[in-house]
Amino acid sequence: MDKLLVTGGRPLAGEARVSGAKNAALPILCAALLTEKPLALENVPRLMDVRTMAKLLAQMGVEVGAQSDGRLELRAKGIREPVAGYEMVKTMRASVLVLGPLLARCGRARVSLPGGCAIGARPVDQHVKGLQAMGAEITVEHGYMNAEAKRLRGARVTMDMVTVTGTENLMMAATLAEGTTVLENAAREPEVVDLANCLKAMGAKIEGAGTEVLRIEGMSSLSGARHRVMPDRIETGTYLAAVAAAGGKVRLTGAAPDTVGATVEKLVEAGARIALGADSIEIEMAGRARAVSLTTAPYPGFATDMQAQFMALDCIAAGTGTITETIFENRFMHALELQRLGADIAIQGNTAVVRGVEQLQGASVMATDLRASASLVVAGLVAQGETLIDRIYHLDRGYEGLEQKLSALGARISRVR
Ligand code: EPZ
C-alpha cells in the first residue's frame with residue numbers, strides 16, 4: 001500500500017492551482033439522474049470518490065463519458081436499475097445522494113444504508129424524514145432503504161439539524177415533485193449553492209440557495225445543461241494552512257476567495273498576511289504562527305473539514321489553542337497521530353487543548369480519514385526529519401495531485417511503497 005514520505009523544514013513558495021470541489025462534484029454527478037438529456041461538466045476533480053460515483057451511476061445505466069481535462073459528460077437516457085448496492089455505498093457514503101434523484105425520476109429506489117464512519121455515526125434520518133414528508137414510502141430491510149413514490153409532492157420540511165447532503169438530496173428530489181417544497185434550516189454551504197446553480201441551469205426553479213430557507217417549485221421534467229464545478233474551498237484551506245505552518249509565500253489560482261472567509265480570518269489571527277484576488281489567494285507567513293482557538297460550525301462558520309489541518313498548525317504555534325468540534329462526535333483521531341510526532345494535545349470531550357511546541361519530530365503515522373491525512377501532511381512539512389504516512393488512500397479520495405502540487409511549491413514529499 002502506498003505511503004507518503006515527507007521531510008520537514010522547508011518553507012513553501014510559488015503558485016498552485018486549486019482543483020474542482022469534491023463535495024460539489026459528487027451531488028452534481030447525481031443531478032444527471034434527474035434528466036434524460038446530457039449534463040456536460042467542467043472542472044471535475046480527478047479523485048477516487050468521483051470515479052466511484054461515476055461507476056455507481058454507470059451501473060444504473062447512466063452513460064458516463066471519459067473524464068479529460070476536468071470535462072465529464074453524463075447522460076441518464078434510461079435508468080436500468082435504481083439500486084445503489086452495499087459494495088459501493090460502503091466505500092463512499094456520499095452514494096446516498098442518489099436516493100432523492102432516483103425516487104424523483106423513477107418513482108422507486110433501493111439504496112444501501114451507509115453504515116458507520118470513522119468520524120461519527122452519521123445517520124441519514126433527515127434524508128428519509130424529508131422524502132417521507134414528500135409522500136415517499138420508505139422501509140428499511142436488511143440494511144437497505146426501499147423507497148417508493150408514484151410522484152413526490154411538495155412539502156414543508158424543517159431539518160432537525162443542518163445537514164449538507166440531506167439538503168442536497170431533498171433539493172434534488174423536490175425539483176421533479178408536484179408542487180412547491182420549502183426546506184427550513186437548510187444547509188448554506190457553497191457546495192449546496194453550486195448544486196442549485198447546476199439544477200437551475202437544467203431548468204429547475206429554486207430560490208434561497210445559500211440561505212436557511214430553500215424554496216423549490218417542482219417541474220414535470222428537467223433539461224440538459226453545462227456546468228462548471230466550483231473550486232474546492234477545503235483544498236484551498238489545506239494549502240493555506242500548510243504555508244502558515246511551514247512558512248513561505250504562495251499564490252493559489254483558480255480559487256473562490258469568498259468561500260473561505262472563516263478560514264482566512266483564523267489564518268490572519270495566526271499571523272499570516274493574506275491578499276485576496278478575484279479568483280486567487282496569496283499567503284505569506286514569516287516567523288512562527290500564533291496559536292488560534294476555534295469552534296467548528298455549519299457554513300459560514302468554521303468548517304469541520306478544516307479542523308484537523310488547524311490542529312496541526314496549532315501544534316507548532318506559539319501559545320495554546322482550544323479546538324471545539326461540534327459537527328461530528330469522533331473527529332479527533334488525528335490528535336493521537338500528531339502526538340506521535342511530539343505534539344502536546346489534551347482531549348476533553350469534544351474539545352482539544354493544543355499547547356504549541358518548538359519542534360515536532362518526524363515518525364511513522366497512520367491516516368484515519370480524509371482530513372486527518374491532510375493534517376499529518378501539514379505536520380510532516382514542519383517536523384524535523386522524515387514522517388511516513390500510511391493509509392494515504394484516504395487522501396486520494398479528496399485531494400487531486402497533492403504531492404505533485406506540494407513538490408512544485410518546494411516541499412520534499414514523495415509516494416513510496
Ligand atoms: C458533508 O457530509 C460533507 N460531505 C462532509 O465532508 C462534511 O464534513 C459535512 O458535510 C459537514 O460539513 C459531502 O459533502 C460529500 P452532514 P454530510 O449531514 O452531508 C448529522 C469531507 O471531509 N446528521 O451535514 O454527510 C451528522 O451525523 C467530508 O470532505 C444526522 O444526524 O454531513 C452530523 O453530526 C467529511 N442525520 C451532522 O448532522 C442526518 O440525516 C452534519 O452532517 C444527517 C446528518
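Predicted model: local features only at pLDDT ≥ 70, side-chain atom pairs only at ≥ 80, totals over all residues.
Me: What makes α12 count as mostly covered?

Reply: In α12, 13 of its 13 residues are buried. Buried means under 20% relative accessible area, exposed over 50%, and partly exposed in between, with a 1.4 Å probe and protein chains only. Residues are numbered from 1 along each chain as its sequence is written, and side-chain values use heavy atoms, with hydrogens and water left out.

Me: What is found at the start of α12?

Reply: A side-chain oxygen of aspartate 369 reaches to within 3.2 Å of the backbone nitrogen of arginine 371. A polar contact is a pair of N or O atoms within 3.5 Å; within protein, one must be able to donate a hydrogen and the other to accept it, and residues adjacent in sequence count only if both atoms are side-chain atoms.

Me: Why is α1 called largely enclosed?

Reply: Nine of the ten residues of α1 are buried, so the rest of the structure largely encloses this helix. Among the buried ones are Lys22, Pro27, Cys30 and Ala31.

Me: Why is alanine 25 called buried?

Reply: Alanine 25, which lies in helix α1, has a relative accessibility of 0%, and therefore counts as buried. Setting aside neighbours within four places in sequence, alanine 25 is in contact with Pro45, Val50 and Val229, where contact means heavy atoms within 4.5 Å. From alanine 25 to methionine 333 the C-alpha distance is 27 Å, across 308 residues of sequence.

Me: Which residues come nearest to the ligand?

Reply: They are Asp125, Thr163, Thr165, Asp305 and Ile327, out of the 21 residues around the ligand. A residue is near a molecule or strand if one of its heavy atoms lies within 4 Å of it.

Me: Which elements give two or more residues to the shell around the ligand?

Reply: These are α1, α5, α6 and α12. With three residues, α5 gives the most. By type, the shell has nine nonpolar, six polar and six charged residues. Here Ala, Val, Leu, Ile, Met, Phe, Trp, Tyr, Cys and Pro count as nonpolar, Asp, Glu, Lys and Arg as charged, and the others, Gly among them, as polar.

Me: Which members of the largest nonpolar core touch the most other members?

Reply: Met53, Val98, Met171 and Leu199 do, in a core of 77 residues. To this core α1 gives the most, with seven residues. A nonpolar core is a set of buried Ala, Val, Leu, Ile, Met, Phe, Trp, Tyr and Cys residues joined through side-chain atoms within 4.5 Å. A second, separate core has 72 residues, including Phe302 and Val357.

Me: Why is threonine 324 called buried?

Reply: Its relative accessible area is 16%, which is why threonine 324 counts as buried. Threonine 324 belongs to strand β19, and its side chain has a 3.1 Å polar contact with the side chain of threonine 351.

Me: Why is arginine 122 called partly exposed?

Reply: Arginine 122 is at 29% relative accessibility, and so counts as partly exposed. This residue is in the loop between β7 and α5, and its phi is positive, near 50°, although arginine 122 is a residue other than glycine. Asparagine 185, not a glycine, also has a positive phi, about 55°. A relative accessible area of 27% makes asparagine 185 partly exposed.

Me: What joins tyrosine 299 and proline 300?

Reply: A cis peptide bond, with omega about 10°. Proline 300 sits in the loop between β18 and α10.

Notes
Helix = DSSP H or I, 4+ residues; strand = E, 2+ residues; numbered from the N terminus.
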